[in-house]
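Dear colleague,

Please find below the structure I am handing over to you, together with its sequence.

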Amino acid sequence: VALPGGKHDASDGHLLYTAKREANEEVGLPYDAAKPVAVLDFTVSKHGILVLPVICVIPPDFKAVPNESEVSAVFSCPLSVFLEDKNHRYNDILYGEHPFRLHFFDVTDPTSGLEFLVWGMTA
């Protein structure tokens, strides 16, 4: 499971635009529909990729139109799910010679009842 995201293109200008462009390409979110509320600190993936998490509010009536070449399923869940210990676990691993903590969250889509595992950079 992943949240919309991808590589910054030189034509994007600002990284906030990159986030909006990727959300538009992956799930059809109109550029002006995503309202940024926070930009978190940069983090580095286990592959050495610099990632800038952008938190946005989207309209509650937004209906995702997944890009089938990039997205296999779309689901929603309340953010509170990620704050509940019962949904969270982690695994400490070594990636090369570097310790790395992988976080996992068990999520159930309240609409469909389908279960998903959120992990990696998404978590």
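Strands are DSSP runs of E with at least two residues, numbered from the N terminus. On that basis, Ser-45 is placed in the loop that joins β2 (43–44) to β3 (50–51). Please note that the model is a predicted one.

Ser-45 has a relative accessible area of 10%, and since buried means under 20%, this residue counts as buried. Leaving aside residues up to four places away in sequence, Ser-45 touches Phe-100 and Met-121.

Three strands make up an open sheet, arranged in the order β5-β6-β7 with antiparallel pairing. The edges are taken by β5 (88–95) and β7 (115–119); each has a single partner strand, so one side of each has no neighbour in the sheet. From one strand to the next, the twist averages 25 degrees. In general, the strands of a sheet pair through backbone hydrogen bonds, in either a parallel or an antiparallel sense.

Turning to the helix, α1 spans residues 15–27 and contains 13 residues. Its reach from the first C-alpha to the last is 18 Å, close to the 18 Å expected at 1.5 Å a residue. Which residues of α1 are buried? They are Thr-18, Arg-21, Glu-22, Ala-23, Glu-26 and Val-27. Just after α1 comes Gly-28, which takes a positive phi of about 75 degrees.

The cysteines may also be of interest to you. How many disulfides does a search of the whole structure find? The search returns zero. Cys-56 is in no disulfide, and the nearest cysteine sulfur, that of Cys-77, lies 16 Å away. As for exposure, the partly exposed class lies between the buried limit of 20% and the exposed limit of 50%. Cys-56, at 31% relative accessibility, therefore counts as partly exposed. Cys-77 is partly exposed as well, with a relative accessible area of 21%.

Yours sincerely

Key: Residues numbered from 1 in each chain as written. Predicted model: local features only at pLDDT ≥ 70, side-chain atom pairs only at ≥ 80, totals over all residues. Heavy atoms only, no water. Pairing = 2+ DSSP bridges. Helix = DSSP H or I, 4+ residues; strand = E, 2+ residues; numbered from the N terminus. Axes fitted to C-alpha atoms, helices over the stretch in contact; angles between N-to-C directions. Buried < 20%, exposed > 50% of the residue type's maximum accessible area, 1.4 Å probe, protein only. Contact = heavy atoms within 4.5 Å. Expected span 1.5 Å × (residues − 1). Disulfide = S-S within 2.5 Å.
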